[in-house]
Every structure is written in C-alpha cells, then in structure tokens.
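Welcome! Take a moment to look over the sequence and the model, and then we can walk through some of the details together.

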Amino acid sequence: MDASFPFLNLTRELRDSVYQSFLLSSRVPPESLEHSGARKYPSAEDQDLFEYHNHYPADGLKSTDASLLLTCRQISKEVKEAMIRLSNSNCSLYKLDLMLLDERELYINWLAYPHSTPRISRLDVDFRLLGDVKGKKTTLKGGFDGPPELIWGLFTLIERFLLRGPDFLAPRQQGRDSWIEELSVNVLTPPSPPLGGYADGKTYKRDRKGHISPAEMVRFLISHMEYLLRRSKHTASYARLLFERIKRMTFSLDGVERKRWDLATLEPEYTG
C-alpha cells in the first residue's frame, strides 16, 4: 500500500497554513539536565571572563525549516516565501530555554528557530530554576563592585546572539549579526518546589536555606539589568550594544509582565 500523501494536491492556501504551523512549532523543553544533550564551550581565546557557567548545545543549530527545504523544488520555493512573510510579520517566534541549575550553571537550548534572518520581531526566553543550592557557591552574588556572575553570563549570551546569530559559538562573520524588536524573558515557576524549598527574603548567602523563589529571581534580574541599562560610567560600553540592537526588553513571571524598557527612549546617565 502506498502510504504517501499527495500534499501538493492540496490548495496553496492549505499548504501555506501547514508551512506556517510547522515553521512556528516549538520543541518541548528538556525535563532535566540528563535530557538536555551534550554541551560545548568557547575556546580559551574566545571566552568572556564570567562565561564559564554558560553551557551551549553541542549538536549545532537546526532550524525548523531545514527538513522542508530539502524536500522538492516546489515545496522549497513555497517554504522560502512563507519564511519571508513571517519575517515581515509580528508572528515570527524564536524561543530559547534557559535552565539555571543549582543557581550556578546556565544550560541553553533552542526550542524554536523557524528560519535564519538578521531581524527578529520577538525572542522569547523561558528561564527555569532547577536543582539544589545546599552547600554550593551561587552565581547570584556580585563581585568587583559590579553585577553578579549570573547577570554577566546572561549578558554574554545575549551579546553572542546579537554578534554571531543563533549558533552562539560560531566565529563572528559579516552577515551573522542580529537585531531584535522585543526580547522577552519569562521566569517560570516549577511544578513543585525544589529540594529544600524556597529561601525567605532577599538573601543570597552561601549558607542560606532554600532556593531563590521565582518571584525573587524576577526582581533580581530586573534590578541588575536596570543597573546595566543605566549606561553609567561603568556600564556604558557594555550596554551600548543592547541599545543599538534591541528595541524593547521585558521581564515577566509566569507570563505576567513585571518590567518593560523601551531602549529607544531610555535616557543614559553617562554620556562621556
């Protein structure tokens, strides 16, 4: 029995609907570190000072459109046209999953990358808390009178995307730069509390009892990102790239927006 389906016999409208659904589909986030796949790291010459807690995927970037483009000439042509339409609309969805393990290690996974384009209408980042902090050094503490290591790790991740595209560790080349209309970071509450429960208050001491709560994590991220975005004397050189390449930035808790910055109108503290 021939199990093939006469896809090209469908009307163009139905085929376009299938292309759009496929291009905007999202992978299921890994349940645990064991399901997140192999990892790779920047070379010693390419590594940022506080990037050693960032764990990048080792299997390379696989965009959602890759399999469709390799079918036949007609489908490839129609998919490319659908990609162009998505690029010119507000429904283009790029989704990144960040797992913060033990308040220390940041594991990065693409969940949705519909097609390669330098200008992205929206990049959604899910931020999940996993693991236990008992007796472990946290990256939530600051150093050298600057933001904590976690903030620098998150900043470096964004910087790599803006300068190198979705394959974070690719060599920087002309044409791989990215611009984002809106960067949205959403901290998710786990289905069940972590081992040891949540800590009380705003303490990030090593010997504290319990994990930082999702609500406190949102406040933490907003507070320290605010510090970078002030473009003070100490942060202006770092923040410049964000202002050049990102129009809006939001932080949310379980989908409820807690803070929004319009970078096009935000006035700097330091103009030297």
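## A threonine inside a helix

Let us begin with one side chain. In this predicted model, the side chain of T156 reaches the backbone oxygen of W152 at a distance of 2.8 Å. T156 is found in helix 4. Is T156 buried or exposed? With a relative accessible area of 3%, T156 is buried, since the cut-off for buried is under 20%.

Which residues does T156 touch beyond its neighbours within four places in sequence? Leaving those neighbours aside, T156 is in contact with D48 and E51.

## Aromatic rings

The structure holds ten aromatic pairs. In one of them, the ring centres of W152 and F155 lie 6.0 Å apart and the ring planes meet at 85°, so this pair is edge-to-face. The two residues are three apart in helix 4 (residues 149-164), which means that about one helical turn separates W152 from F155. Both W152 and F155 are buried.

Elsewhere, one aromatic cluster is formed by Y56, Y94, W110, Y113, F161 and F168. Another ring to look for is that of W179. The charged end of R119 sits over the ring of W179, 4.7 Å from its centre. The charged end of R245 also sits over the ring of W179, at 4.5 Å from the centre.

## The overall fold

The secondary structure comes to six helices and eight strands. Along the sequence, these elements follow the pattern α-β-β-α-α-β-β-β-α-β-α-α-β-β.

How many of the 272 residues count as buried? The share is 48%. Among the contacts with a separation of 6 or more, 69% are made by residues 24 or more positions apart.

Helix 1 covers residues 12-23. Which residues of helix 1 are buried? They are R15, D16, Y19 and L23. These residues cover an arc of only 100° around the axis, which means that they lie on the same side of helix 1. On the other side of helix 1, E13 and S21 are exposed.

Helix 5 runs through residues 214-229. Its 16 residues should span 22 Å at 1.5 Å a residue, and the end C-alpha atoms are 22 Å apart, which agrees. The buried residues in helix 5 are P214, E216, M217, V218, F220, L221, I222, M225, L228 and L229.

## Two loops with a positive phi

Finally, let us visit two loops. Most residues other than glycine have a negative phi. E103, however, has a phi near 55°, a positive value in a residue other than glycine. E103 lies in the loop between strand 3 (94-101) and strand 4 (105-112). Its relative accessibility is 0%, so E103 counts as buried.

The other case is D254, with a phi near 50°, again a positive value in a residue other than glycine. Where does D254 lie? D254 is in the loop between strand 7 (246-253) and strand 8 (256-262). With a relative accessibility of 41%, D254 counts as partly exposed.

Methods: Residues are numbered from 1 along each chain as its sequence is written. This is a predicted model: local features need pLDDT of at least 70, side-chain atom pairs count only at pLDDT 80 or more; totals for chains, interfaces and linings use all residues. Side-chain values use heavy atoms; hydrogens and water are left out. Helices (H or I, at least four residues) and strands (E, at least two) are DSSP runs, numbered from the N terminus. The expected span of a helix is 1.5 Å times one less than its number of residues. Buried means under 20% relative accessible area, exposed over 50%, partly exposed in between (1.4 Å probe, protein chains only). The arc is that of the directions from the helix axis to the C-beta atoms. Rings of Phe, Tyr and Trp (its six-membered ring) pair if their centres lie within 6.5 Å; planes under 30 degrees apart count as stacked, over 60 as edge-to-face and the rest as tilted. A charge sits over a ring if NZ of Lys or CZ of Arg is within 6 Å of the ring centre and within 35 degrees of the ring normal. A polar contact is a pair of N or O atoms within 3.5 Å; within protein, one must be able to donate a hydrogen and the other to accept it, and residues adjacent in sequence count only if both atoms are side-chain atoms. Contact means heavy atoms within 4.5 Å.
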